Amino acid sequence: MDYHPWLPNLDYENEMIREIGVNSIDDLFKDIPEEIKLKRLLNVGYSKPLSEYEIYLRLLELENKNAKLRMPPFLGGGVCPHYVPEAVKFVISRSEFYTSYTPYQPEISQGLLQALFEYQSLMADLLEMEVVNSSMYEWGSALAEAVLMAYRINGKKKVVIPASINPYHKKVLETWTCGKEIKIKEIPYTNEGKINLEVAEKEIDEETSAVYIQQPNFFGIFETEIEEIVDLAKKKGAITIMGVNPLSLSLIKPPGEYDIDIAVGDGQELGLPLNFGGPYMGIFATKWDGKLVRQMPGRLVGLTTDSEGKRGYTLILQTREQFTRREKATSNITTNEALMAIANAVYISLLGKSGLRKLAEEIYRRSHYALLEFERKGVGKRKFNSDFFEEFTVSFPISYGKIHENLKARGIYGGLKISDKDAIFCVTEVHTKHMIDEMIDEAKKIVETS
């Protein structure tokens with residue numbers, strides 16, 4: 001047998017073939033048509049296994065291709081940079097958490113189960129919702145699961161969403177629901193960037209399964225018609241779903257105060273780094289209603305007592321899950337983001353109620369300062385005259401693509417382009433006044449020389 005760098009077990013091919021009772025390895029792939037089989041080795045790798053040191057050098061080479069930024073990115077769009085305390089990184093790096101699997105056996109998983117129970121409890125307080133799972137993949141899939149959950153409960157196939165929804169979440173929702181033939185109807189936004197209540201009154205009807213609202217919305221704007229939207233939905237028998245930025249809840253009313261049925265969001269804002277796109281952590285919560293709780297996707301950790309009367313933790317309501325109900329399960333999620341949920345719990349515990357509020361207030365001030373500076377220096381102007389949190393939309397006098405590329409050349413990553421002259425910027429506690437001023441001054445030079 002010829003040596004193959006990527007299939008080391010080929011040395012044992014004959015022995016393995018005899019053991020499973022086939023004539024050759026080709027028999028294992030006989031269902032694949034000959035005309036589409038590759039007749040050569042894949043042109044991948046380096047033609048030989050690399051030593052540990054060679055791999056190290058190669059990784060350094062790849063790392064050096066990354067853009068070198070002089071400050072945290074200002075890229076908006078629902079994922080924002082925050083300072084992650086070292087304590088968060090230390091706790092989730094412990095092997096008890098870092099290497100653990102889904103705790104099906106509570107007798108040997110009490111530590112992990114308790115940590116997840118604490119996450120659920122802290123998130124329930126933040127959202128003012130009674131039941132929180134632990135957890136979903138990220139915001140987009142949590143929203144899709146909420147819509148499918150509403151469909152299972154009422155059997156209706158119309159979902160109403162705002163046009164100001166995060167478009168990335170919308171794409172996930174469309175993908176997950178197309179097989180059920182669920183129809184998605186959008187409510188346009190006004191010149192202020194908020195949901196158009198008049199259109200909502202016409203779109204939300206008896207055929208509506210669920211109504212979704214995002215707070216703040218994709219443009220970072222605070223929606224001010226939530227009570228009215230919720231009232232419309234409840235009158236038509238629709239399930240209400242609210243997507244939230246968890247950090248903003250220190251400043252605004254949480255979903256529970258609106259009597260929302262299902263709340264979703266992303267834990268990225270609570271102690272998770274950008275990390276080249278993930279992993280993040282989907283938040284999923286419901287109010288205390290049997291029909292909702294029974295249809296929840298994901299894992300639920302409950303508090304109980306053991307045979308000796310001592311406090312214990314275990315997974316509960318598992319009859320909803322795929323390993324017991326197969327195709328009748330409430331979700332096809334077979335894992336979760338437990339490590340990220342624990343990071344959220346540590347982060348919330350470290351900051352506490354007052355710390356989260358102070359952080360949110362600081363983010364609010366810095367983001368508003370940045371928008372005012374854009375306008376004061378004549379670089380751009382606000383697109384929507386509405387209050388916002390963390391993210392805001394700027395309209396420029398020239399194509400934003402040109403501004404963005406020139407900022408990158410200067411080691412600054414600007415906002416998220418959403419049209420030729422508009423971009424969403426994100427400003428948080430990691431952006432100092434000096435950084436904000438420098439970014440805007442550089443953008444001003446580009447505008448003035450164009």
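In which strand does Thr-393 lie? Thr-393 lies in strand β11; strands here are DSSP runs (E, at least two residues) numbered from the N terminus. The model is predicted, so local features need pLDDT of at least 70 and side-chain atom pairs count only at pLDDT 80 or more, while totals for chains, interfaces and linings use all residues. Residues are numbered from 1 along each chain as its sequence is written, and side-chain values use heavy atoms, without hydrogens and water.

Strand β11 covers residues 391–395. It pairs with β13 (residues 422–426) in the antiparallel sense, over five bridges. Two strands pair if DSSP finds at least two bridges between them. Within β13, Ile-424 is the bridge partner of Thr-393.

Both strands belong to an open, antiparallel sheet of four strands, in the order β10-β11-β13-β12. The edges are β10 (381–382) and β12 (416–417). Each has a single partner strand, so one side of each is left without a neighbour in the sheet.

Thr-393 has 4% relative accessibility. It therefore counts as buried (under 20% relative accessible area, with a 1.4 Å probe and protein chains only). Beyond neighbours within four places in sequence, its contacts include Phe-219, Lys-381, Phe-384, Ile-418 and Ile-424. Contact means heavy atoms within 4.5 Å.

How values were computed. Buried means under 20% relative accessible area, exposed over 50%, partly exposed in between (1.4 Å probe, protein chains only).
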